[in-house]
Amino acid sequence: MRVIKKLAARYDRKRAIENRVQIVVIRLLMLVVLCLFSAPWLALFWAGVQSRHQQAEIDRQAADFFSQFSEVTPNVAAETIDRIGTALGFSPNARYIGPVSIDQTAQAAFRNIDDPLARYLQQQTALVSGPMAPVPADLAIYLDTYRDTINKAQQQILQGDLPQWEMIPEKMFDLNYPSPGFFNILYLQRLILLSAIEHHERGQTAQTLSAMEASWQLNQAIARRPDLVSKLLSSIVLAQQASLLRHFEAVPAHWQTRLAAQSPQQEILTGIQFETWLRYRISQRTWSAYTAPQSSVQSSVQSSVQRSHLSTTQPLASLSHWFSARSYPRLKSIKAARHTHAALATLAATDICSIPQVAVEQMLSELQTEQGEREAAFSAATIARRWRRAGDRALALELSGHVLAAKQAKVEQGTWPTQLPNLDSQVCPTEHWIYKLTEDRITLSLSKQLITGTLVPLKYVSDSSMPAIDP
């Protein structure tokens with residue numbers, strides 16, 4: 001009997017232990033299930049907390065950045081230029097109240113010479129030494145056909161107000177905002193520069209300089225805008241102007257001051273910065289549209305049924321405020337803005353002579369990786385490429401400034417100067433320009449050989465055969 005009792009007691013203890021183990025296992029399983037169920041919600045909550053904390057700071061930075069730029073409303077001069085452009089077959093940059101009719105014949109005519117014109121200008125701006133090639137026959141025929149319209153555009157630019165197209169950042173935050181593309185300005189600039197080359201070819205100095213002045217004024221109207229499209233366009237045209245001026249004669253001294261005052265690299269970095277903040281604002285506005293509060297007017301006229309429905313959905317809206325998948329896109333856009341601005345800050349203190357483009361791309365890629373995610377408004381390759389090209393153009397401007405100074409000294413002295421002052425490069429502080437005088441020919445080149453391609457020559461050799469000048 002005693003043995004039976006012992007066995008029964010042992011069995012009871014065993015069952016008690018097994019029950020406790022089962023309870024522990026069940027609790028652990030419940031805890032695991034609870035964790036699996038709550039983990040996404042905790043992740044959403046934490047993402048919401050992070051996004052709101054970071055968004056407050058970066059929103060302030062964005063507001064400070066956009067506060068630099070005053071709102072610009074379109075003026076009559078902009079509409080006039082756009083309407084003159086339609087007579088050349090170009091689409092306008094905005095919608096106007098009156099009818100706008102694009103000349104289809106002119107559009108087809110320009111389409112036929114667009115590529116040859118771009119190639120011809122590229123070849124002339126890439127020349128190391130003159131003379132420039134004669135204007136091809138097809139381009140000369142086009143100029144003869146549309147000369148009156150091109151001259152009309154030039155006179156409007158020179159005698160009227162500078163054109164200004166709408167630039168209101170608050171409107172640009174809308175994803176569907178129709179920002180100007182300025183293709184008509186790019187095409188018009190090409191035609192004005194072609195006209196300047198033709199006048200130079202004929203020895204018509206006054207007409208050449210008048211066309212260059214019109215091109216400069218129109219480019220300044222675009223350069224004033226902070227958006228990336230405008231900065232890229234103005235930078236390209238500025239480099240073309242500077243390159244052509246090297247081969248012209250009797251260029252006024254104020255062109256040297258103009259070229260020295262330009263900073264293509266900084267302008268492009270500003271454009272990228274503007275585009276980055278703009279993309280951030282657009283993304284934030286897009287994701288914030290869902291949670292936008294109703295106006296007090298709407299709430300005051302709601303029916304009792306609507307108010308009842310609102311009282312039911314308000315707790316859900318409150319939950320979605322803290323537990324929302326939208327927090328992840330917000331964090332993504334915040335990281336993209338931060339990574340791009342960090343890259344721009346690095347490039348602002350770097351010159352193109354001290355580091356090659358490939359190394360810049362690698363540096364920016366590593367910078368993005370170190371900050372936790374390969375996410376940016378622009379890729380490292382895109383930023384590095386635009387930075388490098390802007391730097392090449394800045395060096396081209398420096399070279400043109402020195403060439404114009406040498407030509408001015410020759411006019412004043414009757415011979416080429418034996419030396420030029422201030423040959424230290426501002427674009428590349430560790431480099432300088434080398435000036436050589438050999439008999440009646442000068443050579444200017446950068447102390448460091450850079451591979452820039454054919455678009456931006458960094459060398460100039462004077463040509464002894466200059467065209468006759470018709471004052």
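A crossing is left-handed if the near helix is turned anticlockwise from the far one by less than a right angle, and right-handed if clockwise. The crossing of α6 and α7 is left-handed. This is a predicted model, in which local features need pLDDT of at least 70, side-chain atom pairs count only at pLDDT 80 or more, and totals for chains, interfaces and linings use all residues. Residues are numbered from 1 along each chain as its sequence is written, and side-chain values use heavy atoms, with hydrogens and water left out.

**The helix pair**

The axes of α6 (residues 183-201) and α7 (residues 205-223) come within 8 Å and cross at roughly 160 degrees. Here axes are lines fitted to C-alpha atoms, for helices over the stretch in contact, and angles run from 0 to 180 degrees between N-to-C directions. Contact means heavy atoms within 4.5 Å. Among the residues that make the contact are I185, L188 and I192 of α6 and A211, M212 and L218 of α7.

Helices (H or I, at least four residues) and strands (E, at least two) are DSSP runs, numbered from the N terminus. Q154 is found in helix α4 (residues 137-159), and, leaving aside its neighbours within four places in sequence, Q154 is in contact with I192, S195, A211 and A214.

**The disulfide**

One disulfide (a pair of cysteine sulfur atoms within 2.5 Å) turns up in a search of the whole structure. C353 and C428 are the partners, with S to S at 2.0 Å.

Buried means under 20% relative accessible area, exposed over 50%, partly exposed in between (1.4 Å probe, protein chains only).

| Residue | Relative accessibility | Class |
|---|---|---|
| C353 | 3% | buried |
| C428 | 0% | buried |
| Q154 | 5% | buried |
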